Every structure is written in C-alpha cells, then in structure tokens.
Amino acid sequence: MKKRRREEDMYPAIKRYFIKKLDCEHISVDLPGQKKVHLPRNLSKRDPDVLGITTDGEVVAAEGKLLSQSGQPFEVCIEQLLSLKSFADHLYAFFPKEEWNELSADDVKTNRKRLKNKGIGLILVDQKSRCFDILNVPPNPDVEESKRDAVKKQLGLQADDRIPDIGCLSTSDATVANKLLCLVDETITEAVRTALRKVFKQAKKKGKNWDVYPIAGSEGCDARVFRVYFDHGAVDVEIDPFGAYLRDGRPCIWVSKAVEDDFFETKGRRCDSIGTHAYFLDKGDVVSLYDATTDRARRCSEAGFWSFLMHQIPFLGRSRSGLEDELEAVIRAAKQLKG
C-alpha cells in the first residue's frame with residue numbers, strides 16, 4: 001500500500017530549491033532538529049515552513065499545503081503567507097504537483113490569478129521531490145527593514161551584513177578603473193611617499209612620523225591618505241583616482257591643510273604656491289578657492305568642523321619626476337602655512 005504523502009515531506013525539496021535556484025545560504029525549516037525562525041503574529045508566534053536568506057540579503061518565505069486535506073487548504077496557505085509580508089522580500093506557496101494537476105481548469109486559473117494578485121509565487125513538488133516554479137512574481141514591496149533584520153538576527157546574521165549594491169561598471173570602464181588602481185598602487189603612491197620624505201626627512205629625528213590612512217571621504221572618495229603631523233598642524237595628501245571630490249572622474253592628488261576661518265579673507269586669494277580649492281567638512285563642499293568665503297568657513301567652524309585649503313594636482317600623462325617636484329613644492333608650502 002502506497003504511503004500517504006504528508007505536507008512536511010515537501011520541505012526538504014523546497015530547501016534544496018532555495019539553495020540551488022534562489023541562492024539562499026541560511027535556511028530554516030519547520031522540522032524536528034532543524035533551525036527554526038519564530039515570527040510574532042498577534043498574541044502568538046508562528047514558524048514558516050521554509051525560510052531563507054539570499055546572498056543578496058533578501059528574505060524568502062514559503063508555506064505549503066496538501067490540496068486534498070479539508071478546511072480550504074489553498075486559502076489557508078495564502079493567509080499564512082500574507083501574515084509574513086512585513087518579514088519577507090519574496091513569498092512562495094507550494095503544493096503537490098499531482099494534486100495541482102487534478103484541479104479543474106477553472107480552479108487552476110482562479111488560483112493562479114489569486115496568487116499573482118497577492119504577490120505570491122507558486123512552486124509544485126512532484127513525488128520524486130523535484131520542484132517546478134510555475135509562477136514568479138515581483139518582490140514584495142511591503143517588507144519592513146526592521147522585521148527583515150529581525151529574521152536575519154534569528155539566523156545568526158548581523159543586521160548590517162549586507163554589502164551595498166553600488167552598481168557595476170561597463171567592460172570598458174572596468175578596464176580603465178583597473179588600470180588606474182594599478183597605476184596608483186605601483187607608481188603614484190611611491191611618488192607621493194618620495195615627495196613626503198623629501199619634505200619631512202627630519203620628522204623621525206624630531207619624534208614625528210607620517211603614515212598611510214585609508215578613509216572614506218564625504219564625497220564617497222575611498223582614497224589613500226598620507227597624513228603628516230608637525231608643530232603647527234598636519235598636512236594630508238590624498239590620491240583621488242576617480243575624481244570623487246569634484247565628481248568629474250578626473251584622477252588627481254589633493255594636498256590639504258586645515259586653516260582658520262579668516263584665512264580665505266586675509267590670505268586665501270594671495271597664495272601663489274598652494275591653493276586651488278577649499279573644502280568645508282560640515283557639508284563636504286569642495287569649491288574653487290575664489291568661491292570660498294570667510295562666512296562659509298565660519299558656518300563650518302560653528303558646526304564643529306574644520307575648513308581646508310586644498311591643492312589639486314593631476315597626474316595622468318605626466319613624467320614621474322615632474323609630478324614629484326610639484327608635489328614636493330606644494331607639500332612644502334602647505335607645511336609652512338599657519339593653521
């Protein structure tokens with residue numbers, strides 16, 4: 001006598017589907033001995049049949065039923081999934097394939113329409129535990145970030161573990177970007193170090209030092225930053241390979257020195273050896289030196305931030321010796337400025 005099929009017999013097949021087709025890495029299954037997620041619902045908690053987290057950090061939830069059981073199983077399945085809308089980015093209903101095939105054409109049409117209207121996908125599981133995705137729908141727009149994070153936490157994931165999706169470069173842009181980064185690593189970084197050593201060759205003897213600090217600038221500039229401290233301040237030299245500060249895509253080096261509020265009124269427009277731009281840290285504004293004002297610097301200071309004199313040095317197409325000479329001259333001028 002053939003063994004009667006149970007709802008939970010389909011769970012392992014759905015788990016494999018989540019792994020292979022939906023790219024889920026962390027999965028809970030409502031079976032004995034399996035990791036479970038308990039989600040609050042009214043005054044109680046309920047465990048989704050199968051729930052997973054994709055490599056993109058999205059939550060996928062699935063509920064299944066035997067269509068042959070009593071009590072309107074199709075409608076119950078839909079209601080269970082709708083109760084998960086605030087927790088999951090994707091919702092799936094699953095049923096035995098052989099039972100679905102026994103439905104009338106009218107029932108199939110009605111069921112598919114209801115699932116689609118509710119934003120629920122459909123998976124059928126045959127008796128060999130193979131899954132067939134019958135209906136795919138767009139991601140659920142009603143998911144709440146805090147509840148998605150609560151699901152992740154139950155599965156042992158940090159809420160902020162998702163890597164930001166910053167888009168992809170075209171093939172040609174990626175090639176250029178790779179060449180730029182290699183140039184920075186192999187040539188430009190050493191040119192900066194050489195210029196700094198010439199200017200600060202006595203730094204170590206006086207107990208001072210300089211080193212490289214990776215930072216993320218306010219304009220999204222993930223640059224290599226060389227910072228040198230000395231008696232009356234510090235000088236920063238930043239390599240900006242993608243022109244992030246001005247958002248123009250032009251690779252350059254920035255030499256920066258923090259200055260007092262009145263600098264732009266009394267000195268800023270008379271510095272011949274250093275100064276092409278000004279940087280106001282409170283809002284991340286980079287403006288031409290001729291557009292920098294004492295009032296703007298004062299607002300920056302009142303907000304608790306420094307204003308910086310900046311000097312832009314392009315490096316593409318130049319001789320290395322010429323670049324090092326200009327860097328040395330500008331860094332030396334920055335060192336001589338009183339903050």
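The secondary structure of the chain consists of 9 helices and 15 strands, where helices (H or I, at least four residues) and strands (E, at least two) are DSSP runs numbered from the N terminus. The model is predicted: local features need pLDDT of at least 70 and side-chain atom pairs count only at pLDDT 80 or more, whereas totals for chains, interfaces and linings use all residues. Residues are numbered from 1 along each chain as its sequence is written, and side-chain values use heavy atoms, with hydrogens and water left out.

Of the 339 residues of the chain, 44% are buried, a class defined by under 20% relative accessible area, with exposed meaning over 50% and partly exposed lying in between (1.4 Å probe, protein chains only). The accessible surface of the chain is about 18,900 Å², and carbon and sulfur atoms account for 48% of this surface; accessible areas come from the Shrake-Rupley method with a 1.4 Å probe, and for residues only the protein chains shown count as cover. Among contacts (heavy atoms within 4.5 Å) between residues at least 6 apart in sequence, 59% join residues at least 24 apart.

Strand β15, residues 307–314, is mostly covered, with 6 of its 8 residues buried. Strand β12 (residues 252–259) pairs with β15 in the antiparallel sense over 8 bridges; pairing requires that DSSP finds at least two bridges between two strands. Within β15, Met310 is the bridge partner of Ser256. Strand β13 (residues 277–280) also runs antiparallel to β15, and 4 bridges join β13 to β15. Here Phe308 in β15 is the bridge partner of Tyr279. In a regular strand, side chains alternate between the two faces of the sheet.

Helix α3 spans residues 97–101 and includes Glu99. Glu99 counts as buried because its relative accessibility is 15%. Apart from neighbours within four places in sequence, Glu99 is in contact with Leu66, Leu67 and Ser68. Helix α4 (residues 105–117) has 13 residues, which at 1.5 Å a residue should span 18 Å, and its end C-alpha atoms are 18 Å apart, so the two values agree. The expected span is 1.5 Å times one less than the number of residues in the helix. Just after α4, Gly119 has a positive phi of about 75 degrees.

Cys77 is buried, at 0% relative accessibility, and Cys300 is buried with a relative accessible area of 0%. The structure holds 0 disulfides, a disulfide being a pair of cysteine sulfur atoms within 2.5 Å.
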